[in-house]
Amino acid sequence: MADRPVLEVKNLRVEFPTRRGTLVAVDDISFTIAPGEVLGVVGESGAGKSMTGSAVIGLLEPPGRIASGEILFDGRRIDNLPYEELRKIRGKDIGAIFQDPLTSLNPLYTIGRQLIETIQTHLDMNQAQAHARAVQLLEEVGIPAAARRIDHYPHQFSGGMRQRVVIALALAAGPRLIIADEPTTALDVSIQAQIISLIKKLCRDHGAAFMLVTHDMGVIAETADRVAVMYAGRIAEIGPVRDVIKSAKHPYTVGLMGSIPKVGHTEARLTQIDGAMPRLNAIPRGCAFNPRCTKAFDRCRMERPEPIVVGSTAVACWLHDPAKQEAAGGVR
Amino acid sequence: MSAETPLVEARDLARFFDVSKPLLNRVIEGQPRLTLKAVDGVDFTIRKGETLSLVGESGCGKSTVARLVVGLYRPTRGQVLFEGVDMGALSTRAEERALRKRFQMIFQDPYASLNPRWRVADIIAEPIRAHRLSGDRSDIRKRVDELLRQVGLAPADGEKYPHEFSGGQRQRISIARALSSNPEFLVCDEPTSALDVSVQAQILNLMKDLQRELGLTFLFISHNLAVVFHISDRVGVMYLGRLVELADARALYDNPQHPYTRMLLDAIPDLDMSGRARTPVGGEVPNPLDPPTGCAFHPRCPWANERCKTERPVMKPTANGGAASCHAVEERRLAPRAQKV
């Protein structure tokens with residue numbers, strides 16, 4: 001089947017058992033990513049976006065664990081694979097890019113050695129072939145004089161160039177899925193724009209699926225095809241990026257968009273969402289957003305909303321339930 | 001004080017850091033001394049009640065300027081004047097103290113800038129005690145309660161410790177502390193950079209409200225152009241230790257002159273989804289230890305010519321009513337900027 005999603009996440013739940021009870025970091029979320037598609041996962045600190053990414057690549061820090069749900073890569077379950085088997089997939093079929101390029105690179109080896117090692121681990125190539133591929137990868141991610149730079153150590157590269165090396169590493173074995181956690185956050189704005197356009201180009205050229213985890217709505221707007229907005233471990237809204245940004249449906253997304261200062265808009269005050277995201281040990285009953293929501297009504301305080309399809313997006317909000325009127329209490 | 005005297009003025013402000021290796025290494029390896037020119041000749045004025053922002057990428061010297069203005073660093077060259085008085089030339093401690101209590105600073109990291117062992121009420125009261133504004137316990141307590149309310153916290157929060165608060169609430173505490181000595185001038189170094197966007201909006205709104213109520217003057221340091229546009233009356237763009245453009249916020253964004261300003265504006269992600277064309281500019285900020293000759297921006301500038309490589313440009317008035325240091329702007333050989341919607 002041509003349009004089978006590369007990644008399918010079904011009802012994923014990530015828990016952290018602690019002495020004072022179990023914390024649910026990711027609570028029953030589902031999404032898919034098609035080949036060549038960029039899915040942005042956006043949210044504020046503590047929304048569970050990075051946790052979702054870690055769960056997908058099987059790098060949850062213990063005691064965190066997947067409590068229920070399924071993760072399917074190319075139609076095959078990967079969440080219950082033994083460590084060694086998952087390791088073969090990770091790195092070859094699934095590439096990862098993290099926020100800080102320095103921690104992803106070994107400072108003691110040249111970048112060439114690290115690239116060649118990755119290539120030879122996953123692909124059947126001899127030294128010369130692997131070297132040639134490494135140079136080609138570095139050229140592809142826009143590193144000038146790649147043939148010479150390949151013998152340099154990570155500290156000899158600037159932040160933006162280092163992030164390009166990390167991207168080259170993630171691409172080394174020709175992955176079908178790339179997961180990037182805040183890939184541009186540590187970079188300056190002008191470098192950020194360069195990395196964003198590089199990521200877009202690579203996705204197009206390689207047809208890889210891309211999961212982009214970030215707090216920055218601007219990066220999402222520039223890069224993603226679809227976006228999932230996360231709040232307190234749940235997806236509040238998921239849909240095509242244009243629809244979510246231009247006509248947000250969930251009150252949280254509306255507030256979030258209004259709170260971003262925009263160049264050229266001269267409103268005196270920004271829209272603000274009062275309060276803060278709840279802590280994991282104090283997630284309110286019903287909709288997690290209800291204490292901060294100006295439109296909350298009785299049902300929001302009692303019953304947890306499940307995603308409701310509205311046009312091209314899915315919104316977890318009772319305001320969009322066709323049967324809303326029948327429920328107890330009116331709007332506001 | 002005449003109406004024309006600005007509240008704060010920086011004149012040819014510069015700060016160099018000696019980053020040489022130790023003497024023995026220099027002798028053995030035959031290396032010269034190394035000087036990092038973090039800030040190299042910056043001039044600006046801030047009028048009473050306005051917000052001037054300095055914006056730029058990492059390493060452009062904007063935070064060093066903030067520290068020079070509040071006196072955390074001594075300038076290598078140049079002066080900072082507060083109501084026309086040179087702060088470096090004050091002769092007695094008393095004079096210095098009288099001036100110092102009129103300005104305060106808010107830092108980027110609300111986790112590092114609050115003492116974890118102190119109660120919030122003591123943190124906020126520290127400037128009152130340090131400047132000996134009041135010695136009376138109940139007076140101080142009353143003032144602290146008022147400040148807590150002013151920044152959107154409850155007086156009961158004064159009994160808690162900083163770790164009991166979120167990042168946004170901590171930044172509110174920092175603001176309350178900064179306000180406790182009744183300053184006229186606040187220097188804010190990336191006050192919202194460590195915060196989530198919805199919390200950032202709360203803090204920016206609070207700062208604007210306080211400015212209106214208390215008639216405060218702000219020097220605002222940020223790398224985020226959208227935040228700067230929102231909060232500022234005037235904006236200065238810095239690159240490698242120098243100002244490259246200074247203009248009213250609206251004029252700067254509508255009609256940017258300097259190629260670097262244009263590049264920064266083009267790099268802002270387009271949240272309106274207008275499909276605006278972006279001119280990608282390659283390259284990175286050069287090593288500040290070895291800045292390019294002439295105009296520091298010339299290796300990345302599409303309009304650079306021979307003159308730019310050899311002669312350092314100075315600030316000249318521009319068409320948008322501000323000033324920019326660029327030969328291409330002065331000679332009017334810049335292509336008009338792609339019209340944005």
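**Figure 1. Pairing of B:Leu54 with B:Gly236 in the predicted model.** In this predicted model, B:Leu54 faces B:Gly236, a residue of strand β9 of chain B. The two strands concerned, β3 (residues 51–55) and β9 (residues 234–239) of chain B, are joined in the parallel sense by four bridges. Another pair along this boundary involves B:Ser53, whose bridge partner in β9(B) is B:Val235. On β8(B), B:Ser53 stands opposite B:Phe220. Strand β8 (residues 217–222) of chain B pairs with β3(B) in the parallel sense, through five bridges.

**Figure 2. Burial of strand β3 of chain B.** Five of the five residues of β3(B) are buried, and the strand is mostly covered. Cover is present on both faces: B:Thr51, B:Ser53 and B:Val55 are buried on one side, and B:Leu52 and B:Leu54 are buried on the other.

Figure 3. Eight strands of chain B make up an open sheet with mixed pairing, in the order β6-β7-β8-β3-β9-β10-β12-β11. In general, strands of a sheet pair through backbone hydrogen bonds, in either the parallel or the antiparallel sense. Helix α6 (residues 167–179) of chain B lies across β6 and β7 (185–189) of chain B, and runs at about 170 degrees to β6(B).

Figure 4. Strand β1(B) is joined to strand β2 (residues 35–46) of chain B by nine bridges, and the two run antiparallel. Within that pairing, B:Val8 stands opposite B:Ile46, and B:Glu9 has B:Thr45 as its bridge partner. Strand β4 (residues 77–82) of chain B pairs with β1(B) through five bridges, also in the antiparallel sense. Here B:Arg11 stands opposite B:Gln79.

Figure 5. B:Ala10 belongs to strand β1 (residues 8–18) of chain B. Because 26 other C-beta atoms lie within 10 Å, B:Ala10 counts as buried, the threshold being 20 or more. Apart from neighbours within four places in sequence, the contacts of B:Ala10 are B:Val42, B:Asp43, B:Phe44, B:Val69, B:Gly78 and B:Val80. By way of reference, B:Asn115 lies 105 residues away along the chain, and its C-alpha atom is separated from that of B:Ala10 by 31 Å.

**Figure 6. Helix α4 of chain A and its packing.** Helix α4 (residues 111–122) of chain A has twelve residues, which at 1.5 Å a residue should span 16 Å; the end C-alpha atoms are 17 Å apart, in agreement. The buried residues of α4(A) include A:Ile111, A:Gly112, A:Gln114 and A:Leu115, together with A:Ile116, A:Thr118 and A:Ile119. In an α-helix there are 3.6 residues a turn, so residues three or four places apart point the same way. The buried residues of α4(A) pack against α2 (83–92), α5 (127–140) and α7 (159–171) of chain A.

**Figure 7. The contact between chains A and B.** Chain B contributes 31 residues to the contact and chain A contributes 35 residues. On the side of chain B that touches chain A, at least two residues come from each of α7 (197–214), α8 (225–231) and α10 (259–266) of chain B. Of the elements of chain B, α7(B) gives the most to this side, with eight residues. The residues on this side of chain B comprise 18 nonpolar, eight polar and five charged.

**Figure 8. Chain B in outline.** Chain B holds twelve helices and twelve strands. Its radius of gyration is 22 Å, close to the 20 Å given by the globule rule for 341 residues, so chain B is as compact as a globular protein of that length. The C-alpha trace of chain B spans about 70 × 60 × 45 Å along its principal axes. Of the 341 residues of chain B, 44% count as buried.

Notes:
Residues are numbered from 1 along each chain as its sequence is written. Chains are lettered from A and ligands numbered from 1 in the order in which they are written. This is a predicted model: local features need pLDDT of at least 70, side-chain atom pairs count only at pLDDT 80 or more; totals for chains, interfaces and linings use all residues. A residue is buried if 20 or more other C-beta atoms lie within 10 Å of its own, exposed if 12 or fewer, and partly exposed in between; C-beta atoms are placed from the backbone. Two residues are in contact if their C-beta atoms, placed from the backbone, lie within 7 Å. Two strands pair if DSSP finds at least two bridges between them. Axes are lines fitted to C-alpha atoms, for helices over the stretch in contact, and angles run from 0 to 180 degrees between N-to-C directions. The expected span of a helix is 1.5 Å times one less than its number of residues. Ala, Val, Leu, Ile, Met, Phe, Trp, Tyr, Cys and Pro count as nonpolar, Asp, Glu, Lys and Arg as charged, and the others, Gly among them, as polar. The radius of gyration is taken over C-alpha atoms; the globule rule is 2.2 Å times the number of residues to the power 0.38.
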